[in-house]
Amino acid sequence: MKIKPIKHIWITGWFFLLICLPSFAIEPTVQTIEASAYTLPETDPFLAPYLGTDTRGIEKVVSQIKSCREPWRKEAETRIQAHRKHDLHLQITRPDGTPYSEKNIRVRQLKHAFHFGVALKQPYFSELDALESSAGKRVASYNWAFDLHERFKLVNQFATQVGFANAFKYKLSADKDPTHMMEKVIPRLRSMGMSIRGHTLIWPGWKHMHANALLLKEKPNALSSFCDEQIKNYASQWDVDEWDVINEPRTNHDIQDILGRDCIVDWFKIAREHAKNSDAGLYLNDYKVISKDEKPWNEKNIERYQDTVDWLLEQGAPLTHLGFQSRYHAPVDPEVIYERLELFRRYDLPMKATEFEIRDQKDYVFTELERAQMTADMMTIWFSHSLVKGIIAWTFFDIEGFVDDRTGLPKTFSLLYENRIKLNGKIWLYLMRNHWHTDVVKKTSRNGTLLLSGFLGSYEVLVRDGDQIKRALLTLKEDAYVYKVLL
């Protein structure tokens with residue numbers, strides 16, 4: 001039974017603070033939550049390989065993570081403990097008001113506050129109608145072993161946020177799917193508690209614009225109106241939590257060359273005014289800023305990105321987030337990545353690795369273990385930065401084959417391949433669902449209190465009350481809350 005927390009505000013006395021909650025320097029707010037009877041769900045055998053416990057093949061990487069000997073990893077772990085966790089204070093009370101004394105309770109994290117995301121291609125959901133009309137019969141496509149219901153389960157195991165490769169690109173979606181499958185997919189993802197990411201409202205290079213825009217090259221006023229309407233249309237249509245308002249403006253500026261640079265400011269303002277979700281994050285998204293290997297070339301990209309951010313903010317554009325595509329084509333020093341992220345601290349804006357991949361190229365091909373190692377290192381360094389709010393794995397399950405037309409090499413970052421989990425997928429799950437995950441069984445004190453440190457996110461508290469198991473739901477944030485659970 002799903003519990004809706006009852007948000008009563010209580011103020012406790014200094015005696016309670018001094019005796020039970022010595023870590024608080026100020027008097028905290030107490031949230032009272034009622035627990036209800038709960039039946040533990042049966043173990044789902046389908047999910048067994050995707051719990052983050054299968055470390056076969058990545059034992060060496062896991063050992064490095066656990067031993068934490070490298071100086072950069074020690075520093076990253078210290079930052080993670082400081083920025084990604086918070087003390088959780090619980091007080092459990094029986095129905096008659098007496099404390100739930102010296103009894104074990106389970107505190108289990110359900111979802112991270114941090115966005116561990118995956119980007120999906122539309123055919124991932126291609127047989128939705130067929131599956132629904134067949135009353136649950138198994139439906140296979142693209143040589144997958146997974147029916148549609150299982151695909152949603154997989155998304156739920158790997159991600160707390162879902163984005164899409166092409167479903168929100170105006171050129172590729174406006175005319176392709178009149179009924180737009182996303183109208184069915186988004187509510188289902190929402191029911192799973194997923195955050196939704198929109199990519200992208202405008203990609204202002206001719207090759208990325210709709211054919212109708214190309215007809216307006218000689219008509220600036222009409223072209224301006226077309227771009228404005230494109231942004232207004234999609235921003236208002238889709239219930240997403242964040243948008244890449246503009247994608248890759250450093251190398252895609254054909255529209256700006258005609259309309260003038262100020263059009264970018266207008267695009268951000270239109271996105272803010274018309275976003276279906278009025279609080280949606282608005283991103284500037286670009287590539288080879290944080291992840292480029294050649295340092296002098298990279299520094300130029302950093303300068304140009306910062307110049308754009310400075311100018312947008314000066315012009316009053318509602319830029320709220322910084323998006324860095326994060327594709328790596330060779331090993332890179334994690335400390336260098338952190339140093340580059342630190343160059344953007346002065347903006348105090350949330351940042352995200354929007355298109356995270358580790359890709360082969362002609363002069364460097366990763367082994368699967370090397371890819372898993374680098375996945376772990378890059379995830380760790382990004383997760384350790386206090387302003388980073390998420391990492392989006394761009395290739396979750398590549399359903400169109402793995403050959404890169406440009407290089408002739410396989411596109412091998414995907415977390416799943418041929419219906420099996422890859423080594424980089426295993427390390428992704430290990431970090432997300434084990435190493436950076438809170439699941440604790442702990443005994444309450446004589447007065448029914450319990451203190452633990454947990455990763456920020458949503459939680460369930462399971463308590464045995466006589467013959468019943470009762471469950472309370474809560475959210476652990478950076479604020480200093482005390483949760484009083486009433487059985």
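1. Phe164, Phe168, Tyr170, Phe226, Tyr234, Trp238 and Trp243 form one aromatic cluster in this predicted model. Rings of Phe, Tyr and Trp (its six-membered ring) are paired if their centres lie within 6.5 Å; planes under 30 degrees apart are called stacked, over 60 edge-to-face, and the rest tilted. The count by this rule is 25 aromatic pairs.

2. The pair of Tyr50 and Phe158 is tilted, because the ring centres are 6.2 Å apart and the planes stand at 55°. Distant parts of the chain are linked by this pair: Tyr50 belongs to the loop between strand 3 (36-37) and helix 2 (59-67), Phe158 to helix 5 (residues 148-158), and 108 residues separate them. Helices (H or I, at least four residues) and strands (E, at least two) are DSSP runs, numbered from the N terminus. Tyr50 is buried at 5% relative accessibility, and Phe158 is buried at 0%. Here buried means under 20% relative accessible area, exposed over 50%, and partly exposed in between (1.4 Å probe, protein chains only).

3. Tyr234 and Trp238 form an edge-to-face pair, with 6.4 Å from centre to centre and 90° between the planes. Tyr234 is buried, with a relative accessible area of 4%; Trp238 is buried, also with 4%.

4. The largest cavity has a volume of about 50 Å³. A cavity is a set of points, on a 1 Å grid over the protein atoms alone, where a 1.4 Å probe fits but cannot get out; lining residues have an atom within 4 Å of a point. Grid points are joined across faces, edges and corners, and the volume is the space filled by probe spheres set on the points. Strand 8 gives the largest share of the lining, three residues. Residues lining the largest cavity include Lys169, Tyr170, His208 and Gln230.

5. On the whole chain, there are 15 helices and 20 strands, and buried residues make up 54% of the 487 residues.

6. On conventions, residues are numbered from 1 along each chain as its sequence is written, and side-chain values use heavy atoms, leaving out hydrogens and water. In this predicted model, local features need pLDDT of at least 70 and side-chain atom pairs count only at pLDDT 80 or more, whereas totals for chains, interfaces and linings use all residues.

Key:
1 Å grid on protein atoms, 1.4 Å probe; cavity = no way out; pocket = protein on both sides within 12 Å on 5 of 7 lines; lining within 4 Å.
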